[in-house]
Amino acid sequence: MQSASTAGAEAGARPAVPGLATTTAILAAAGVALVVGLVVGFWIAPTDASTLGFSQKIFYFHAPIAETALLAYGVAFVAALLYLRRGEARYDRLGVAAVRLGLLFSLLVMVTGTIWGRAAWGVWWAWEPRLTTFLIACLLYSAYFVLRGAVEDESRRATYAALFAIVAFVDVPITFFATRFLPAGLHPVVLGLSGSGMDHRDLIAFLISMAGMTLLFVGLLRLELGIEALREELRELKYRLGR
Amino acid sequence: MPLAEAVKYVAAAYGAVLLVLIGYLIVAGRRIGRLQRDVRVLDEELTRRRGGA
């Protein structure tokens, strides 16, 4: 069977990124959903009547980005379990891609969160439960890449990384439930068992943005996996050339 | 907080998100371009070796 890169080279074309058309369609759908979410949030939902005022509008991206970051770490956790159980390299690649995106979304949470914190609470940072546990998650998952860089053997690197991803995931539910178990913090509970407490237009904007952000994550995850597939192709070619 | 000041914070937050995502996509595009070039070069070399053998 002919590889994608071989077929591409013989046709004089660039090697294809697997599934790029579908990935582009997903990213376009994500863009549409995020724009619709913002339109509803800014033009249809009412301005917050509390002390937050207009700065509350940051919420429509901030909260979905935070949930997506935790989702990415959840995907890395499942990928790690699957790798340890089946030993297939594709689960290691999935874990790497998920953690990379988790860190990207975490960076966005931190940036939007500090700006919102300054606007709402008057401080750039507060050592409150949600912020602190999220920062710990960021540091833990940054260490994931330090660990990967420190182990040369591919199989051992994947195993250690999978074990680390499982241990690091312990912080994710703590971060998620921090506002519920430790209500003394500054963060409100967005969606609780008794409802959201939000105006229904706010909730609609939030849910549309949440769907958009999840689609963005799926699209970027596919893009990362496509890049990993190209990298694998390159490794294979180097091996065949004896390099 | 006055509306004019709040608008600045909101614009900064959304601007930062847009900037980081565009930056990420540019970096990803460069990674893809570099990998595609390397794969093509090695692929051509492999094809040449096969032709010469």
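The model is predicted: local features need pLDDT of at least 70, side-chain atom pairs count only at pLDDT 80 or more, and totals for chains, interfaces and linings use all residues. Residues are numbered from 1 along each chain as its sequence is written, while chains are lettered from A and ligands numbered from 1 in the order in which they are written.

**Chain A overall**

Chain A has eight helices and zero strands. Helices (H or I, at least four residues) and strands (E, at least two) are DSSP runs, numbered from the N terminus. Of its 243 residues, 42% count as buried. A residue is buried if 20 or more other C-beta atoms lie within 10 Å of its own, exposed if 12 or fewer, and partly exposed in between, with C-beta atoms placed from the backbone. Take the contacts in chain A between residues at least 6 apart in sequence: 75% join residues at least 24 apart. Two residues are in contact if their C-beta atoms, placed from the backbone, lie within 7 Å.

Helix H2 of chain A covers residues 20–44. Its 25 residues reach 35 Å from first C-alpha to last, close to the 36 Å expected at 1.5 Å a residue. The expected span is 1.5 Å times one less than the number of residues. Buried in H2(A) are Thr23(A), Ile26(A), Ala30(A), Leu34(A), Gly37(A) and Gly41(A). These buried residues pack against helix H3 (59–86) and H8 of chain A.

| Helix pair | Axes come within | Crossing angle |
|---|---|---|
| H2(A) and H8(A) | 8 Å | roughly 160° |
| H3(A) and H6(A) | 8 Å | roughly 135° |

Axes are lines fitted to C-alpha atoms, for helices over the stretch in contact, and angles run from 0 to 180 degrees between N-to-C directions. At its angle, H2(A) is roughly antiparallel to H8(A). H3(A) is oblique to H6(A). Angles under 35 degrees count as roughly parallel, over 145 as roughly antiparallel, 65 to 115 as roughly perpendicular and the rest as oblique.

H2(A) passes H8(A) in a left-handed crossing. A crossing is left-handed if the near helix is turned anticlockwise from the far one by less than a right angle, and right-handed if clockwise. By class, the contact of H2(A) with H8(A) has 19 nonpolar, eight polar and two charged residues. Ala, Val, Leu, Ile, Met, Phe, Trp, Tyr, Cys and Pro count as nonpolar, Asp, Glu, Lys and Arg as charged, and the others, Gly among them, as polar.

The crossing of H3(A) and H6(A) is left-handed. H3(A) contributes Ala76(A), Phe77(A), Ala80(A), Leu81(A), Tyr83(A) and Leu84(A), and H6(A) gives Ala158(A), Ala162(A), Ala165(A) and Ile166(A). That contact has ten nonpolar, no polar and no charged residues.

Ala137(A) sits in helix H5 (residues 129–150) of chain A. Ala137(A) counts as buried because 24 C-beta neighbours lie inside 10 Å. Neighbours within four places in sequence aside, Ala137(A) is in contact with Tyr73(A), Ser106(A), Asp171(A), Val172(A) and Thr175(A).

**Where the chains meet**

The contact takes 31 residues from chain A and 27 residues from chain B. On chain A, the elements giving two or more residues are helix H1 (4–10), helix H4 (89–120) and helix H8 (200–240). This side of chain A has 19 nonpolar, five polar and seven charged residues.

Met1(B) lies in the segment before helix H1 (3–52) of chain B. Met1(B) is partly exposed, with 16 other C-beta atoms within 10 Å. Leaving aside neighbours within four places in sequence, Met1(B) is in contact with Gly53(A), Ser55(A), Ala119(A) and Ala6(B).
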